[in-house]
Amino acid sequence: MRLIIRDDAANVGEYIGNYIAKRINNFKPTAEKPFVLGLPTGSSPIPTYKHLIKLVKAGQLSFKHVVTFNMDEYVQLPQDHPESYHTFMFREFFSQVDIPPSQVNILNGNAKDLIGECNAYEAKIKAIGGIELFLGGIGEDGHIAFNEPGSSLASRTRIKTLAYDTILANARFFNNDIAAVPRMALTVGVATVLDSREVVVVVSGQRKALALSKAIELKVKTVKYFKSIERVQDEVEAMHAKLKDDPAEPEQIGSME
Ligand SMILES: N[C@@H]1[C@@H](O)[C@H](O)[C@@H](COP(=O)(O)O)O[C@@H]1O
């Protein structure tokens, strides 16, 4: 695990946006072998989406051969409701990049058979060969997607009743009308996220500090440790890049592991 610390949300977005772009570009996706990306909603990923859009507009990145799977969706909120995760994703991201809408997967919280919908979602992820990188956010109580605390590590895509704290936290998107917040959602499970080949979690703002500290023992020494690891990793990457350009002197470069 790596913990990357940045001072503000814009810098977090820039870092993660560049990171995802590097992963996609290095993967060299094609129609036959697309890059499979898991995506979240919420306010935390917005700066990342903004940066990714900037890279696409600058011609440095393309989503033409990227297939996405979103983490979650409210149950029984009309798909075109301004706060549905469908609306959010198209407004904040998909409509501004070159991804064909047919490559976007978002759970349908209005499906007649909700359990069937969840099972089909898992099957689709499996059929495509799994998720390469899952980007996630966390709620104030540490939930990932809508996996509230206590969710099994073995959980799969399913229907979840939201914790009251999550309903209160999400009321800000529904004019602070607690009654308007859906009570249930479809969500990928913890195991669905952990099955991905890589997971990147955005944790921004003081409201998330307690949840983060429970996940990582965040003491000053820990911060220094992760910053030092990042510095050394950057040096190693620079050395490897140099090695690629100048393969004549490989013995000078140590192992990355
Ligand atoms: N289901 C979503 C989560 O996936 C998201 O991580 C969380 C935090 O949102 P924000 O980033 O706005 O704090 O909100 C919702 O509950």
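A residue is taken as near a molecule if its C-beta atom, placed from the backbone, lies within 6 Å of it. Of the 14 residues around the ligand, those that come nearest are Gly42, Ser43, Ser44, Gly137 and Gly139. The shell around the ligand consists of five nonpolar, eight polar and one charged residue; here Ala, Val, Leu, Ile, Met, Phe, Trp, Tyr, Cys and Pro count as nonpolar, Asp, Glu, Lys and Arg as charged, and the others, Gly among them, as polar.

The model is predicted: local features need pLDDT of at least 70, side-chain atom pairs count only at pLDDT 80 or more, and totals for chains, interfaces and linings use all residues. Residues are numbered from 1 along each chain as its sequence is written.

The chain has eight helices and eight strands, which are DSSP runs (helices H or I, at least four residues; strands E, at least two), numbered from the N terminus. The C-alpha atoms fill a box of roughly 65 × 45 × 35 Å along the principal axes.

Buried residues make up 30% of the 257 residues, a residue being buried if 20 or more other C-beta atoms, placed from the backbone, lie within 10 Å of its own. Two residues are in contact if their C-beta atoms, placed from the backbone, lie within 7 Å. Apart from neighbours within four places in sequence, Ala145 is in contact with Met71, Asp72, Gly136, Thr187, Val188 and Val193.

Terms used. A residue is buried if 20 or more other C-beta atoms lie within 10 Å of its own, exposed if 12 or fewer, and partly exposed in between; C-beta atoms are placed from the backbone.
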